[in-house]
Amino acid sequence: MPVNASDRSAQHNGSAGSHGGAELNGRAADHSHRASYPGDHLSLADIRADVARWFSERGFSADTADRAVLLVSELCSNAVEAGPDHPIDVHLTAADSNRA
């Protein structure tokens, strides 16, 4: 379902926890994060902040978090370019306990 970018506060979907207006699936002990954002360039800052927070809350190194933020940001930017106005769904999963 298309997302109305004019109502940004209701765009982030999830079932638990609120961070900076975004509804996130997960607490610090969880190993995954799911959220949906409006498909526009204005969402990229929110996505980067949420990804950085998720990695930080799980004890990943700053270098790993920075690399993940850059990767996710690039992928989401490409998604906006390829399909403007389509929602961007982000799903992160920690596969192992190595936080370096």
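Leu 92 counts as buried, because its relative accessibility is 9% and the cut-off for buried is under 20%. The model is predicted. Leu 92 lies in strand β4, which spans residues 88-93.

What does Leu 92 touch, leaving out residues up to four places away in sequence? The partners are His 31, Ser 32, His 33, Val 51, Trp 54, Phe 55 and Val 72. One of them, Val 72, is 20 residues from Leu 92 in sequence. In space, the two C-alpha atoms are 9.6 Å apart.

**Overall layout**

The protein has 2 helices and 4 strands. Along the sequence they follow the pattern β-β-β-α-α-β. Of the 100 residues in the protein, 34% are buried. Consider contacts between residues at least 6 apart in sequence: 62% of them join residues at least 24 apart.

**The helix pair**

Two packed helices are described by the angle between their axes and the distance between the axes. Helix α1 covers residues 43-57, and helix α2 covers residues 62-82. They pack at an angle of about 150°, and their axes are 9 Å apart. That angle makes α1 roughly antiparallel to α2, because angles over 145 degrees count as such. The crossing of α1 past α2 is right-handed.

Which residues make the contact? From α1 come Leu 44, Ile 47, Arg 48, Val 51, Ala 52 and Phe 55. From α2 come Thr 64, Ala 65, Ala 68, Val 69, Val 72, Ser 73, Cys 76 and Ser 77. By class, the contact has 10 nonpolar, 3 polar and 1 charged residues. Val 51, Phe 55 and Val 72 take part in this helix contact and also touch Leu 92.

**Aromatic residues**

A pair of aromatic rings is described by the distance of the centres and the angle of the planes. A search of the whole structure finds 3 aromatic pairs. In one of them, Trp 54 and Phe 60 have ring centres 6.4 Å apart and planes at 25°. The pair is therefore stacked, as planes under 30 degrees apart count as stacked. Trp 54, Phe 55 and Phe 60 form one aromatic cluster. Trp 54 is buried, at 5% relative accessibility. Phe 60 is buried too, with a relative accessible area of 15%. Trp 54 and Phe 55 are both among the residues that Leu 92 touches.

His 33, another contact of Leu 92, is placed in strand β3, residues 32-37. Is His 33 buried or exposed? It counts as buried, at 1% relative accessibility. His 33 and Asp 50 are 17 residues apart in sequence. Their C-alpha atoms are 9.3 Å apart in space.

Asp 85 sits in the loop between α2 and β4. Its relative accessible area is 57%, so Asp 85 is exposed, the cut-off being over 50%. Most residues other than glycine have a negative phi. The phi of Asp 85 is positive, near 75°.

**Accessibility at a glance**

| Residue | Relative accessible area | State |
|---|---|---|
| His 33 | 1% | buried |
| Trp 54 | 5% | buried |
| Leu 92 | 9% | buried |
| Phe 60 | 15% | buried |
| Asp 85 | 57% | exposed |

How values were computed: Residues are numbered from 1 along each chain as its sequence is written. This is a predicted model: local features need pLDDT of at least 70, side-chain atom pairs count only at pLDDT 80 or more; totals for chains, interfaces and linings use all residues. Side-chain values use heavy atoms; hydrogens and water are left out. Axes are lines fitted to C-alpha atoms, for helices over the stretch in contact, and angles run from 0 to 180 degrees between N-to-C directions. Angles under 35 degrees count as roughly parallel, over 145 as roughly antiparallel, 65 to 115 as roughly perpendicular and the rest as oblique. A crossing is left-handed if the near helix is turned anticlockwise from the far one by less than a right angle, and right-handed if clockwise. Contact means heavy atoms within 4.5 Å. Ala, Val, Leu, Ile, Met, Phe, Trp, Tyr, Cys and Pro count as nonpolar, Asp, Glu, Lys and Arg as charged, and the others, Gly among them, as polar. Buried means under 20% relative accessible area, exposed over 50%, partly exposed in between (1.4 Å probe, protein chains only). Rings of Phe, Tyr and Trp (its six-membered ring) pair if their centres lie within 6.5 Å; planes under 30 degrees apart count as stacked, over 60 as edge-to-face and the rest as tilted.
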